[in-house]
Amino acid sequence: MRAEPKTSSQVLYFIQEIKKEKQVLDLCRDMGIMIRKLKEEDAGRSVGVLAGVFPPELAPKTAKQVPKGYRMPELLVFCGLEDGLLDRFLAEYRRRGIDPIGLKAVATPHNLFWTVCELTGELEQERAAMQAMSQNREG
């Protein structure tokens, strides 16, 4: 039984592996979460515009250019998920045995103005810092 999509709950995603993409799409549909597939050309667009939070004409004009050769990494951006829905999504993701996606973010009032490229850059820096901290504890 599939839940009805909630317009306020949405996942923006970029996944290149077909099997994993289908698994994530099925999970979102089963949980009633709307989905939007990102394209490489979305790298320079703001998260808020892509999530439908504000129209393109209100997008910030100060966004940085996408670096030449930028390749969008696998990414999930959770937008407007109600209390507990993100936790249930992540638990079900693990329960279904879907291969991990390294970069995940929750849309916030702060990062809605960032481009996807800026968001992925920030997430990659955070991930590297967490891995370094983890290695320091182990070493």
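Tutor: First, a term: buried means under 20% relative accessible area, exposed over 50% and partly exposed in between, with a 1.4 Å probe and protein chains only. Keep in mind that this is a predicted model, where local features need pLDDT of at least 70, side-chain atom pairs count only at pLDDT 80 or more, and totals for chains, interfaces and linings use all residues. Residues are numbered from 1 along each chain as its sequence is written, and side-chain values use heavy atoms, with hydrogens and water left out.

Student: Why is Thr120 called buried?
Tutor: Its relative accessibility is 0%, and the cut-off is under 20%, so Thr120 counts as buried.

Student: Where does Thr120 lie?
Tutor: In helix H4. Helices here are DSSP runs of H or I with at least four residues, strands are runs of E with at least two, and both are numbered from the N terminus. H4 covers residues 116-138, and its buried residues are Val116, Cys117, Leu119, Thr120 and Leu123.

Student: What covers the buried residues of H4?
Tutor: The cover includes helix H2 (47-50), strand S3 (75-79) and strand S4 (103-106). As for Thr120 itself, leaving aside neighbours within four places in sequence, it is in contact (heavy atoms within 4.5 Å) with Tyr70, Pro73, Leu75 and Leu103.

Student: What makes the pair of Thr120 and Tyr70 a polar contact?
Tutor: A polar contact is a pair of N or O atoms within 3.5 Å; within protein, one must be able to donate a hydrogen and the other to accept it, and residues adjacent in sequence count only if both atoms are side-chain atoms. The side chains of Thr120 and Tyr70 make theirs at 2.7 Å, so the distance passes.

Student: What about H3: which of its residues are buried?
Tutor: In helix H3 (residues 85-95), Leu85, Phe89, Glu92 and Tyr93 are buried.

Student: How do you know that they are on the same side of H3?
Tutor: They cover an arc of only 105° around the axis, taking the directions from the helix axis to the C-beta atoms, which puts them on the same side. On the other side of H3, Asp87, Arg94 and Arg95 are exposed.

Student: How many aromatic pairs are there?
Tutor: Three. The rule takes rings of Phe, Tyr and Trp (its six-membered ring) with centres within 6.5 Å; planes under 30 degrees apart count as stacked, over 60 as edge-to-face and the rest as tilted.

Student: Why is the pair of Phe78 and Phe89 called edge-to-face?
Tutor: The centres are 5.2 Å apart and the planes are at 70°, which is over 60, so edge-to-face it is. Phe78 lies in strand S3 and Phe89 in helix H3, so this pair ties together parts 11 residues apart in sequence.

Student: And what is the pair of Phe89 and Tyr93 called?
Tutor: Tilted: 6.1 Å centre to centre, with 40° between the planes. Both residues lie in helix H3, four residues apart, about one turn of the helix. Ring pairs link Phe78, Phe89 and Tyr93 into a cluster.

Student: How do you know that Phe78, Phe89 and Tyr93 are buried?
Tutor: Phe78 has a relative accessible area of 3%, Phe89 has 0% and Tyr93 has 5%, so each meets the cut-off for buried.

Definitions and conventions:
Expected span 1.5 Å × (residues − 1).
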